[in-house]
Structures are given as structure tokens and as C-alpha cells.
Amino acid sequence: MKMITAIIKPFKLDAVKEALDKVGVHGMTVTEVKGYGRQKGHTEVYRGAEYQVVFTPKVKIELVVKADQASAVVETVKSTANTGNVGDGKIFVFSLEEVMRIRTGETGENAI
């Protein structure tokens, strides 16, 4: 099993969710996060005053999939979330040792 964490731009969330539904991924956890990378934020003007916005709003998606689905899921997220601009995000893939469904006690791939 693999855990895939993707940090993407918020306006891409619906498109990514729909694309993942098409490849058979139906469960995910979504968190609103803030961060910065190489772009180091940006400058905005409010009421004539210029200020630096360091942390950019992003969305973190967490998915648990079978190991054989991981590459398809990563490719789906990558192609759907890509805008070609700085700050599109990152995808992290982790090996997952164990999963347990709390309600039924099922473990492993049955719990996904």
C-alpha cells in the first residue's frame, strides 16, 4: 500500500477529485494549508501600501491506494494539477505499513 500526499493550488481541487474518481480512487482527505517554496511568496498592494505575502494558500490531498495503483494516481494528479506556472505543488509517495478501518477492524488492503 502507498500513501500519496499532494500539495496543489486550491482552484485545481475539483478537477483533481474528478480525475481521481475516473481512475477508481474514491476516498481522500483534504486539508487547507499554507506554505512557500522557491517562489518565496509574492508582493501585493492593499490601499496603496505594498506588503509581502510569504505563505501561499494551498490544498493538501492525502490518499491511500494499493501499490499497483500508485503510479496511475501520481500521473493523474500531476497531469490534472499542472498549470505550467511556479507554485503548482509537489507529490510525495510513502510506503504504508498498515491500515485499519476503525468501525469494522478490517486491516490491510481490505481497509482501503
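The legends below describe close-up views of one predicted model.

The model is predicted, so local features need pLDDT of at least 70 and side-chain atom pairs count only at pLDDT 80 or more, whereas totals for chains, interfaces and linings use all residues. Residues are numbered from 1 along each chain as its sequence is written, and side-chain values use heavy atoms, with hydrogens and water left out.

**View 1. The largest nonpolar core.**
The largest nonpolar core has 14 residues. A nonpolar core is a set of buried Ala, Val, Leu, Ile, Met, Phe, Trp, Tyr and Cys residues joined through side-chain atoms within 4.5 Å. Buried means under 20% relative accessible area, exposed means over 50%, and partly exposed lies in between (1.4 Å probe, protein chains only). Ile8, Val16, Leu20, Leu63 and Val73 have the most contacts inside this core. At least two of its residues come from each of β1, α1, β5 (56-65) and α2 (70-81). Helices (H or I, at least four residues) and strands (E, at least two) are DSSP runs, numbered from the N terminus. Valine 73 is in contact (heavy atoms within 4.5 Å) with Ile4, Leu20, Val25, Leu63 and Val65, leaving aside its neighbours within four places in sequence.

**View 2. Threonine 76 in helix α2.**
Threonine 76 is placed in helix α2. This threonine 76 counts as buried because its relative accessibility is 12%. Residues up to four places away in sequence not being counted, threonine 76 touches Ala19, Leu20 and Val23. Between the C-alpha atoms of threonine 76 and glycine 108 there are 24 Å in space, and the two residues are 32 apart in sequence.

**View 3. A salt bridge between lysine 9 and aspartate 88.**
A salt bridge is a side-chain nitrogen of Lys or Arg within 4 Å of a carboxyl oxygen of Asp or Glu, and by this rule the count comes to 4 salt bridges. In one of them, the side chains of lysine 9 and aspartate 88 meet at 3.8 Å, N to O. This pair links distant parts of the chain, 79 residues apart: lysine 9 is in the loop between β1 and α1, and aspartate 88 is in the loop between α2 and β6 (89-95). Lysine 9 counts as buried, at 17% relative accessibility. Aspartate 88 is buried as well, with a relative accessible area of 16%.

**View 4. Lysine 12, buried without a salt bridge.**
Lysine 12 is placed in the loop between β1 (2-8) and α1 (13-22). Although buried, lysine 12 has no salt bridge, and the nearest side chain of opposite charge, that of aspartate 88, is 7.5 Å away. In this assignment of charge, Lys and Arg count as positive and Asp and Glu as negative, while His and the chain ends are not counted. Lysine 12 touches Thr80, Ala81, Asn82 and Thr83, residues up to four places away in sequence not being counted.

**View 5. Two further salt bridges.**
The side chains of lysine 17 and aspartate 21 meet in a salt bridge of 3.1 Å, N to O. Both residues lie in helix α1, 4 residues apart, about one turn of the helix. Lysine 17 is partly exposed, with a relative accessible area of 40%, and aspartate 21 counts as partly exposed at 29% relative accessibility. Another salt bridge joins the side chains of glutamate 106 and arginine 101 at 2.9 Å, N to O. Glutamate 106 is partly exposed, with a relative accessible area of 32%, and arginine 101 counts as partly exposed at 27% relative accessibility.

Valine 33 counts as partly exposed, at 24% relative accessibility. Residues up to four places away in sequence not being counted, valine 33 touches Thr56, Pro57, Lys58, Val59 and Lys60, and glycine 35 touches Val54, Phe55 and Thr56.

**View 6. A nonpolar patch on the surface.**
Tyr36, Val54 and Phe55 form a nonpolar surface patch, with about 300 Å² of accessible area together. Patches are made of residues with over 30% relative accessible area and no salt bridge, like charges being joined within 9 Å and nonpolar side chains (Val, Leu, Ile, Met, Phe, Trp, Tyr) within 5 Å. Accessible areas come from the Shrake-Rupley method with a 1.4 Å probe, and for residues only the protein chains shown count as cover. Tyrosine 36 is placed in the loop between β2 (29-35) and β3 (42-46), and counts as partly exposed at 47% relative accessibility.
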